[in-house]
Amino acid sequence: MTAKSVRVWSYADGGRTWKAAAVKHSGSTWQAAVHNPASGAVALRSEVTDAAGDCSVETVYRAYAVG
């Protein structure tokens, strides 16, 4: 699947508030900038859509820890 759009969210408050991340696209590379908390675990969710409209959503709880 070649991605047509990518959206990313994160949370660091136990799931109360998902925050959209800034996503940049350059060539075949996509990058998301996530704001890290002072400490704690961060969860990530991505939604990737291709030109045909097919979509994949992935969520990684406790993707990484800060502090």
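This note goes through the overall make-up of a predicted model and then its largest pocket.

1. Secondary structure. The chain has 6 strands and 0 helices. Read along the sequence, the pattern is β-β-β-β-β-β. Two of these strands, β1 (3-11) and β2 (19-20), come up again under the pocket.

2. Dimensions. Taken along the principal axes, the box filled by the C-alpha atoms of the chain is roughly 40 × 20 × 15 Å.

3. Burial and surface. The chain has 67 residues, and 18% of them are buried, with buried meaning under 20% relative accessible area.

4. Contacts along the sequence. Considering contacts between residues at least 6 apart in sequence, 51% join residues at least 24 apart.

5. The largest pocket. Rolling a probe the size of a water molecule over the atoms shows where empty space is left. In this model the largest pocket holds about 200 Å³ of space. It is lined by 13 residues, and those closest to its centre are Ser 10, Tyr 11, Ala 12, Lys 19 and His 35.

6. Which strands each supply at least two residues of the lining of the largest pocket? They are β1, residues 3-11, and β2, residues 19-20. By class, the lining of the largest pocket is made up of 8 nonpolar, 3 polar and 2 charged residues. In this grouping Tyr and Ala count as nonpolar and Lys as charged.

Technical notes:
Residues numbered from 1 in each chain as written. Predicted model: local features only at pLDDT ≥ 70, side-chain atom pairs only at ≥ 80, totals over all residues. Heavy atoms only, no water. 1 Å grid on protein atoms, 1.4 Å probe; cavity = no way out; pocket = protein on both sides within 12 Å on 5 of 7 lines; lining within 4 Å. Points joined across faces, edges and corners; volume = space filled by probe spheres on them. Helix = DSSP H or I, 4+ residues; strand = E, 2+ residues; numbered from the N terminus. Buried < 20%, exposed > 50% of the residue type's maximum accessible area, 1.4 Å probe, protein only. Contact = heavy atoms within 4.5 Å.
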